[in-house]
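Please read this briefing alongside the structure shown below. The notes are grouped by topic.

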Amino acid sequence: MVKRTWYDKIPLQGNVYPLPSLGYIEDRWTRLSILSAQPLGATSSHPGNFDVFLDRRLLQDDNRGVGQGITDNRRTRERFRIFVEQRPTESLKPSNQVQKSLLRLLNPVHQMQSIIPSNQGELNEMPTSLPCDVHLVNFRTNLVSFNEFHLFLHRFASSCEAQCKTQSFKLLPHLSSNLINALQPSVSSMSLSLLDEIKSNLSLHDLSVEMDTVDFSVYALRLK
Amino acid sequence: MDRDELVCLAIPQNFTNWIIRDPSGKMIEEVQINRVYEQRELLSDVFEACFIAHLKPISLAQYTLESSTQELPFTYESSQITVYNFDSIPSREKEFEIGTENIKLIFNVATGSLSRSDLHSNDLFKSLNITINFMTYGTRHGNQEKSGAYLFLPDSQDAQNLPIINPPIRVIRGSIMTYVEVLVENELKLRHRITLFKGQKYFDIENEFQMVKGSFDNQELLMRFTSKIKNGAVFFTDLNSLQVSCLTMTVFNLLSYCIIFFIFLLFTHRNHFFSFTDGQANLV
C-alpha cells in the first residue's frame, strides 16, 4: 500500500491518485477500506472522506497524445466492497480478511451451464488450501510445450494479526494424487519471466517453498 | 482457499417444483427466491434463485437444478419486497434500514442515499456515520485549457452534488442477502445497489450508469464516502492489485486514470485458475 497525503498547496488534480483495487482511510481505532473490482481514481479531499472517480465524459483533446476527447462512454457496471474494521497494527498493509476478500472480488467464480448432467459432481485438484497469505496467481501450460506447466505463487503482505506462518511450506500436500502421479518427480525453480532457470532437479516430494513477503515463486512442473 | 460464493440463477417462471442439489447430490435447503426487475419493470416470466456454493481450491463443482416429481418437504423462501417513491407521490417515511447481525445501514428516502451505518462489534453497535453521495466535477470554462484523456482540470476545488430527489427505491430482504436498489431517473439512468450478505462483515456496492451525450458533457462523476474517521489528510491506495512494488511511477499526479491500465496489462496473463464452479442448469 502507498501512503498518500492531500496537500492544500497543490490543486485538486495533483491530489488524485490511482485506485487499482484497494484504498483506505483510518484513524487510531477504525479503518474504512474500499475494495474496487475495477481500476479507478481516488482521493480524500476532506478528513473522513474518500472520493472514487467513477467515469468522465470530456469533449476535447488535451494535447497529450490521444488526439481526441473521451466521448465513447458505455453503460457500465462497477462493483465495490466496503469493510469497516478495527485498525490493524500496521498502516501500510491491508488486513488478511480484506486481502482475501479482494482476491475473491478480483477473481470471480466462473459459472458454466450445461443441460447434460455429469456423473462426477466435483473435481478437486488441491486437497488443502495454501497458507493464508499465499496466492496461487497462475498455473498454466508453457506456451511452447504443452508438456510443461508453470506454477506461480505470490505471498502478499499481511498485518501481524493474520498470523500466517508461511516463511516456508511444503508444496506436496497441496497437490492432488492425480497431479502428483502425472508429474515428473523433478521440478525447476524459475524466474518470474520464465526466461531463467534458477534451480533445476528439485525434488517434488521434498520441495519446500520459501518466499519473502510480496515475493513470487515460480516452478516448472513437467508431465511424465 | 475455500470459498463460499453467492450464486444466483435465473429460472423461468413456468418451471415449478424444482430443487437445487449440491455436488454430492444433497438437496440445498437454503435458497432465496428473488423477483427480477429491469429498472422499474418487474419481469414476470423469470425469477432468481440464490444460494451459497461451497468451493474448494482449484475445483469444479456441479450444482444441479432439477424438477422434482415428489412433493417437496419444504418450500424455498421468497424475499420480501418494499418500495418507496414508486408512485407519483413521494413516500411519507423519512428513512428505512436494512441489517444483518453485523451491520445496520440506514437510508434516506428522499435522496436514496446511505445516511448512516452501524457496525456490530463486541456486543455493541458502533455508529460510523458512513454516507455515500454522488457528485460531479465540471471542467474549466472559457479559453483555458480543459480536461481531457490525461489532464484533469476541474472548474472548482470541490465537487457539486448530483441532484437526486425522491428516486424510486426497492428493498429486497431475504435470508441470504438483502439489498437496496435506488433508480436515479435522470439521463445517467444510475442503478445504485447496496447489498448485505448473511454472516459477512462487509457490504457490496454496484453502480450501473452511462454518461450520455448532452447532460454529462465535460463532467466527471464520483462517489463520495464520508465518515467520522479522523484521517487528517492521509489516505492509502494500492499500487497494483498484486502488491508488487517494483514499477517506478514518476508522473502519476495528473494521470489519475490512465497509468493503472498499463500496470494491469502487465498482469493480464494471469488466468483465474484458483476456483471455479459449474452451476448446471439441468432443465428436465
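How many nonpolar, polar and charged residues does the lining of the largest cavity have? By class, that lining has 8 nonpolar, 1 polar and 2 charged residues. The model is a predicted one.

**Cavities**

- There are 4 cavities of 30 Å³ or more.
- The largest cavity holds about 60 Å³ of space.
- Residues of both chains line the largest cavity, among them A:I82, A:V84, B:D118, B:K201 and B:F203.
- At least two lining residues each come from β7 of chain A and from β10 (114-121) and β17 of chain B, and β10(B) gives the most, with 3 residues.
- The second largest cavity has about 50 Å³ of space, and its lining includes A:M126, A:F139, A:H174 and B:I58.
- In the second largest cavity, β9 (134-141) and β10 (148-155) of chain A are the elements that give two or more residues to the lining.
- That lining divides into 10 nonpolar residues, 1 polar residue and no charged ones.

**Largest pocket**

- The volume of the largest pocket is about 1,500 Å³.
- Its lining is made of 49 residues, and B:L6, B:V7, B:C8, B:M177 and B:F197 lie nearest the centre.
- By class, 20 of the lining residues are nonpolar, 5 are polar and 24 are charged.
- Elements of both chains supply at least two lining residues each, including β7 (76-86) and α1 (96-106) of chain A and β15 (177-184) and β16 (190-197) of chain B.
- The largest share of the pocket lining, 6 residues, comes from β1(B).

**Disulfide**

- Over all chains, the structure holds 1 disulfide.
- This disulfide joins B:C8 to B:C50, with an S to S distance of 2.1 Å.
- It links distant parts of the chain: B:C8 is in strand β1 of chain B and B:C50 is in strand β4 of chain B, 42 residues apart.
- The disulfide is right-handed because the torsion about its S-S bond is about 110 degrees.
- B:C8 is partly exposed, with a relative accessible area of 25%, whereas B:C50 counts as buried at 0% relative accessibility.

**Nonpolar core**

- In soluble globular proteins, nonpolar side chains tend to be buried together.
- The largest nonpolar core here has 47 residues, and B:F203 and B:F225 touch the most other members.
- Leaving out residues up to four places away in sequence, B:F203 touches residues of both chains, including A:F80, A:R81, A:I82, B:I103, B:L105 and B:I194.
- B:F203 is also one of the residues that line the largest cavity.

Definitions and conventions
Residues are numbered from 1 along each chain as its sequence is written. Chains are lettered from A and ligands numbered from 1 in the order in which they are written. This is a predicted model: local features need pLDDT of at least 70, side-chain atom pairs count only at pLDDT 80 or more; totals for chains, interfaces and linings use all residues. Side-chain values use heavy atoms; hydrogens and water are left out. On a 1 Å grid over the protein atoms alone, a cavity is a set of points where a 1.4 Å probe fits but cannot get out, and a pocket is an open set with protein on both sides within 12 Å along at least five of seven lines; lining residues have an atom within 4 Å of a point. Grid points are joined across faces, edges and corners, and a volume is the space filled by probe spheres set on the points. Helices (H or I, at least four residues) and strands (E, at least two) are DSSP runs, numbered from the N terminus. Ala, Val, Leu, Ile, Met, Phe, Trp, Tyr, Cys and Pro count as nonpolar, Asp, Glu, Lys and Arg as charged, and the others, Gly among them, as polar. A disulfide is a pair of cysteine sulfur atoms within 2.5 Å. Buried means under 20% relative accessible area, exposed over 50%, partly exposed in between (1.4 Å probe, protein chains only). A nonpolar core is a set of buried Ala, Val, Leu, Ile, Met, Phe, Trp, Tyr and Cys residues joined through side-chain atoms within 4.5 Å. Contact means heavy atoms within 4.5 Å.
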